[in-house]
Amino acid sequence: TSVIRLADYRPPAWSVEHVALEFDLGIDRTEVAATLELVRQADEPIRLNGEGLELLSLGVDGRTLAEGEYILADGVLEIAIDAERCTVNTRVAVHPAENTAFEGLYLSGSRDRGFLLTQCEAEGFRHITFFPDRPDVLSRYTVTLRADHDRFPVLLAGGNPDGEGVLADGRHWARFVDPHPKPSYLFAVVAGRLERISHDYTTADGRAVALHIWAEADVIDRCDYAMDSLIRSMQWDERTYGRNYDLDVFHVVATHDFNMGAMENKGLNIFNAKYLLADPDSSTDDEYRHVEAVVAHEYFHNWSGNRVTCRDWFQLSLKEGLTVFREQSFSADMNSAPLKRIEDVALLRRAQFPEDAGPLSHPVRPSQYSEINNFYTATVYEKGSELVRMLAGHLGQEGFRKGMDRYFERHDGQAATIEDFLTALGDANGTDLSPYLAWYGQAGTPRLSAEGRFDAAQRRYRLTLRQRTPATAGQTAKQALPIPVRLSLFDQSGKALPLRLEGEAAAGATERTVVLDSAERGFVFEDVDASPVPSLLRGFSAPVILECDYVPGELAILLRHDPDGFNRWEAGQQLAGLAYDDCRDGNVEGSALRAWTEALTHLFNDKGVDDALLAELLTPPGEIELVERQAERDPDRIRIARQAMLRKLAQRIGAEALRARYAGLRSETTAALDAPSQARRQLKRRVLDLYALIQPGEARELARAQYEQAPGMTDRLAALTTLATLDAHAAEAAIAHFRQRYDGNALALDKWFAMQALLPGADALARVQALEDDQAFMLKNPNRVQSLLGSFARANPTGFHRADGAAYRWLADRLVAVDSLNPQVAARVATAFNGWKRLEPVRREAAHAVVAELASRKDLSRDLTDILARVAL
Ligand code: B3K
Ligand code: ZN
């Protein structure tokens, strides 16, 4: 397969000033006529991308080209021409109902009731028409849709409406004009039977905007929370970044058939229903927050992505890292900032750190790819956001806003690079941010080690910071990066000390940021009376792994006294890691295990601790994160050790206290969505799960009762999970009840599949195989595949990594089947093989055989082949 390299970037040889598209829509066959106004930029032929298109006619400046006057090969239509400008006309046919890859124009739902829609990012537009399908070609679009009125009553495209009318034979038409030049990946159309909810919005700069959320009739009553989230997102971007919406209409459409979360098409966002629909009876609290976050994310792209887009796909994080950062800030403002930070850091560690440590590791700005769709990764998104966060921290709130204003002003209507971004932020603040560029080009998670030495005679504390980044796949030489370390020093009573660095006149705040910009540096703090406890990397000020030889008692001090919720949690996570080491080593009397259980018991009994924070504190790092603490990776042993530490904690808190707390939380049960109610539900779940470790019989009865009386999905699904984890057989009746209660509710059924796919242990595979026979299971729906295959392979370590390799062989077989329908989804699930090399020898051998066999096949898609080739290396 051919490799695309950043170093080979060349500007487009022809630009497209205007494109007029006319669609004659049909489920089996759609014809697309395109008129491109091209302008020469370099001495080269016109090259248009096109894949899977049936070319019906081709003309230049009104003259039909004969065969021989153009070359059509390898997905490129080449036309040699002398003129400086020209008009190219093409007419092609495509076949939406046959498109199971969900890229380009395809059918969502059934033939007789479903609707047509498009997905273009990254390179789907070339499946619709011939075009220079690259993000640095920005054009104005006029789109005309024609279709049968009864079958396709609603016709939508991005841009402002520009007329509609009736045609002969029961057909109708609608036209849309988008005044903002955009790249082809932001193009979208939707056509079919859809209902809508609407809201009249006025932007801060006075534009009247009609907001419409569209969905099929059976789910339209579940769109209100999305509309509420959209309005709050628009107001937040006006307030926080001074960014206003820029068209007269904004459409959002829900589909059950989508390869990813959602898509920011200009003026016509399209959402996976999972991230748009919400109601208390079928959505959990987490899902409500996801809807809010994804609606915001796609809306924020209107500026960070659409008005300023990417020059090439290597710059993907320019829009994605930045937009994730904006979305995270929004969610922090809407909810609790420390809890949001906990959630984000936990996700980074669970999803990005393993990616960065394995064969699929790549820099936030990759230097090469063979399939760009495989680079919509946790590294580009989540680590990319962490890099923006470091820049924002460096500039401060006001400076960052000034820098963003400059970036949007300077690059509005352009396709920009990551250098452009850093330069604009730096210029607006009179500072040079280029040292941070190194973060974008270097893969791997830096290890930050910290060593403190207290000098009683001098009343000084010397903190030595060092950094080192281990070699990653294909990148062995690593350089030192600028690592901002926000820190405080606490005395033994838990009081934060005013900080004065050597050479400074007076002590300042109790928290400050130092930057480690070389391999090693020492920082000397003056006027320190006793050996302090350092609190480092506060707020997770850089995406690194901190290595600091804390004794458990020091972490216990931070866990109890740190006034910041995030740092408290972080101290707890570090202490839990040490407690895990004790359990792993069979050291049940270990001092870390004791310190952890004691500190948490103390917090459990402290009525001043917020319910949601307590629930987080009671959750140690998950099985996937803990593999890092294991030389020989055996998921069964990891689970056993983790369960053992949790049982110790439950014993230390005590059955009586757990039961009483559960009863208290239970008595306040409602389905209300306010933060305290959500927090109670979350804590109740943690408490019941701890209780189940020491009183399984009683916990089962409590879970059963909670399932039956649950007022909403959060309590219902939590109870079902607890019940099934305790004893899958005893949970059968409840599992069957849930299945029947939600028959026909696709999103609820996805949770039902996922819940069972995640049940730990060697019999998980048999359970998953039985679920494949359920009537509601289908390989052609990405959400269903993710909920059963994806959950099992990516998030059920003891189930997937069965020592006999049976689950590996089963997954390989399914991947081939999924790949023949939908390569993007197959490739995503295949990343489950990411960590096979570091498994213990028996599992490693089993996985190796399967991965090598798969990787040698010649009949797989480019998407899946690329993942397998890198994983197998
Ligand atoms: N930009 C889209 C992702 C497109 C993925 C293409 N394979 C969603 C988002 O990040 O907002
Ligand atoms: Zn995005």
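Student: How many bridges join strand β3 to strand β9?
Tutor: This is a predicted model, in which local features need pLDDT of at least 70 and side-chain atom pairs count only at pLDDT 80 or more, while totals for chains, interfaces and linings use all residues. Residues are numbered from 1 along each chain as its sequence is written, and chains are lettered from A and ligands numbered from 1 in the order in which they are written. Strand β3 covers residues 30-40, strand β9 covers residues 85-94, and the two run antiparallel. The count of bridges joining β3 to β9 is 10.

Student: Which residue of β9 stands opposite Leu 38?
Tutor: Strands are DSSP runs of E with at least two residues, and helices are runs of H or I with at least four, numbered from the N terminus. Two strands pair if DSSP finds at least two bridges between them. In β9, the residue opposite Leu 38 is Cys 86.

Student: Which residue of β9 stands opposite Leu 55?
Tutor: Strand β5 (residues 54-60) runs antiparallel to β9 and is joined to it by six bridges. Leu 55 stands opposite a residue of β9, and that residue is Val 92.

Student: Which strands stand at the edges of the open sheet of eight strands?
Tutor: The order in this sheet is β6-β5-β9-β3-β2-β12-β15-β14, and the pairing is mixed. Two strands each have a single partner, so one side of each is left without a neighbour in the sheet. These edge strands are β6 (63-64) and β14 (160-166).

Student: By how many degrees are neighbouring strands turned against each other, on average, in the open sheet of three strands?
Tutor: This sheet has the order β4-β8-β7, with antiparallel pairing. Its edges are β4 (46-49) and β7 (71-73); each has a single partner strand, so one side of each is left without a neighbour in the sheet. Angles run from 0 to 180 degrees between the N-to-C directions of axes, which are lines fitted to C-alpha atoms, for helices over the stretch in contact.

Student: Which residue in β8 is the bridge partner of Ala 73?
Tutor: β7 and strand β8 (residues 76-79) run antiparallel and are joined by three bridges. The bridge partner of Ala 73 in β8 is Val 76.

Student: How many residues of the shell around ligand 1 are charged?
Tutor: The shell includes Glu 121, Met 260, Glu 264, His 297, Glu 298, His 301, Glu 320, Asn 373 and Tyr 376 (a residue is near a molecule if its C-beta atom, placed from the backbone, lies within 6 Å of it). β20 (262-263) and α2 (285-300) each supply at least two residues of this shell. Ala, Val, Leu, Ile, Met, Phe, Trp, Tyr, Cys and Pro count as nonpolar, Asp, Glu, Lys and Arg as charged, and the others, Gly among them, as polar. The division is five nonpolar, three polar and, for the charged residues, four.

Student: Is the peptide bond from Glu 121 to Ala 122 cis or trans?
Tutor: Glu 121 and Ala 122 are both among the residues that surround ligand 1. Ala 122 is found in the loop between β11 (115-119) and β12. The bond from Glu 121 to Ala 122 has omega near 0 degrees and is cis.

Student: What is phi of Phe 102 near?
Tutor: Phe 102 has its place in the loop between β9 and β10 (104-108). Its phi is positive, in a residue other than glycine, and is near 55 degrees.

Student: Is α1 roughly parallel, roughly perpendicular or oblique to α2?
Tutor: Helix α1 (residues 224-241) and α2 pack with their axes 9 Å apart, at an angle of about 45 degrees. Angles under 35 degrees count as roughly parallel, over 145 as roughly antiparallel, 65 to 115 as roughly perpendicular and the rest as oblique. The relation of α1 to α2 is therefore oblique.

Student: At what angle do helix α3 and helix α4 pack?
Tutor: Helix α3 covers residues 316-334 and helix α4 residues 337-357, and their axes are 7 Å apart. The packing angle of α3 and α4 is about 140 degrees.
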